[in-house]
Amino acid sequence: MTAIASLTVRRYSGEEAQEIADELIAVYADVYNTPPYIGDTFFSVPTYINRLHAAFEMKGFGVLTGRTDDGTLVGYIHGVNLDPERPWWASLGEARPADVVQAAEAGDVFWLRELMTLPDYQNQGIGRRLHDAMVQSRPEAWTTLTCIADNEPARSAYPRWGYEVIGQIKHAEESPLYDAMILRP
């Protein structure tokens with residue numbers, strides 16, 4: 001683990017994030033270069049590149065980065081305004097509380113798509129700091145995310161941060177099982 005003295009957090013729009021896409025992809029490649037993700041096509045870098053570039057164009061896309069004093073990108077978070085027709089969201093059906101369904105239909109739910117910290121910088125509160133900065137800065141009152149059901153310690157962190165599990169989904173046939181969670185306003 002590499003300790004850091006300070007972290008600079010910066011926001012990027014979709015257009016601005018395209019300029020640092022290679023850095024974002026490099027972080028992803030490092031984070032997912034561990035078992036059980038190695039060799040899984042769902043978590044491959046080319047697959048992520050496609051998902052990331054698609055996200056740049058989604059409504060409300062934003063990314064926050066965390067950099068050390070020397071400019072090293074050590075983590076980031078990105079997300080979009082949740083489309084209430086998104087297949088994974090719609091698949092939850094009646095498991096979704098009525099008030100969050102109404103919020104999604106009104107455009108008031110943020111979908112936290114990715115939160116990652118480089119392995120050498122984990123367990124220092126960077127992920128939590130990026131999460132809190134993003135959620136507090138979003139115009140949406142609600143937040144939703146999906147977390148791989150057996151992805152510890154992330155899976156245990158989210159309930160400590162106030163999230164509640166409302167069901168389980170798969171993003172694609174080849175994807176692992178995810179817990180779908182919501183953070184109430």
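**Basis of the description**

Helices (H or I, at least four residues) and strands (E, at least two) are DSSP runs, numbered from the N terminus. The structure is a predicted model, in which local features need pLDDT of at least 70 and side-chain atom pairs count only at pLDDT 80 or more, whereas totals for chains, interfaces and linings use all residues. Residues are numbered from 1 along each chain as its sequence is written, and side-chain values use heavy atoms, with hydrogens and water left out.

**Packing of α2 against α3**

Two packed helices are described by the angle between their axes and the distance between the axes. Helix α2 (residues 21–31) packs against helix α3 (residues 45–56) at an angle of about 135°, and their axes lie 10 Å apart. Axes are lines fitted to C-alpha atoms, for helices over the stretch in contact, and angles run from 0 to 180 degrees between N-to-C directions. The two helices α2 and α3 are therefore oblique to each other (angles under 35 degrees count as roughly parallel, over 145 as roughly antiparallel, 65 to 115 as roughly perpendicular and the rest as oblique).

Contact (heavy atoms within 4.5 Å) involves Ala21, Leu24, Ile25, Tyr28 and Ala29 of α2, together with Val45, Tyr48, Ile49, Arg51, Leu52, His53 and Phe56 of α3. By class, this contact of α2 with α3 has 10 nonpolar, 1 polar and 1 charged residues; Ala, Val, Leu, Ile, Met, Phe, Trp, Tyr, Cys and Pro count as nonpolar, Asp, Glu, Lys and Arg as charged, and the others, Gly among them, as polar.

**The two faces of α5**

In helix α5 (residues 98–105), the buried residues are Val100, Val101, Ala103 and Ala104 (buried means under 20% relative accessible area, exposed over 50%, partly exposed in between, with a 1.4 Å probe and protein chains only). Seen down the axis of α5, these buried residues fall within an arc of 160°, so they line one face of the helix; the arc is that of the directions from the helix axis to the C-beta atoms.

The cover over the buried residues of α5 includes α4 (87–90), β4 (109–117), β5 (142–148) and β7 (178–183). Ala98, Gln102 and Glu105 are exposed on the face of α5 turned away from its buried side. After α5 comes Gly107, with a positive phi near 75°.

**Backbone features in loops**

The peptide bond from Pro35 to Pro36 is cis, with omega near 5°, and Pro36 is found in the loop between α2 and α3. Another cis peptide bond joins Glu152 to Pro153, with omega about 10°; Pro153 is in the loop between β5 and α7 (154–160).

Asn123, a residue other than glycine, has a positive phi near 65°. Asn123 is placed in the loop between β4 and α6 (126–137) and counts as exposed at 72% relative accessibility.
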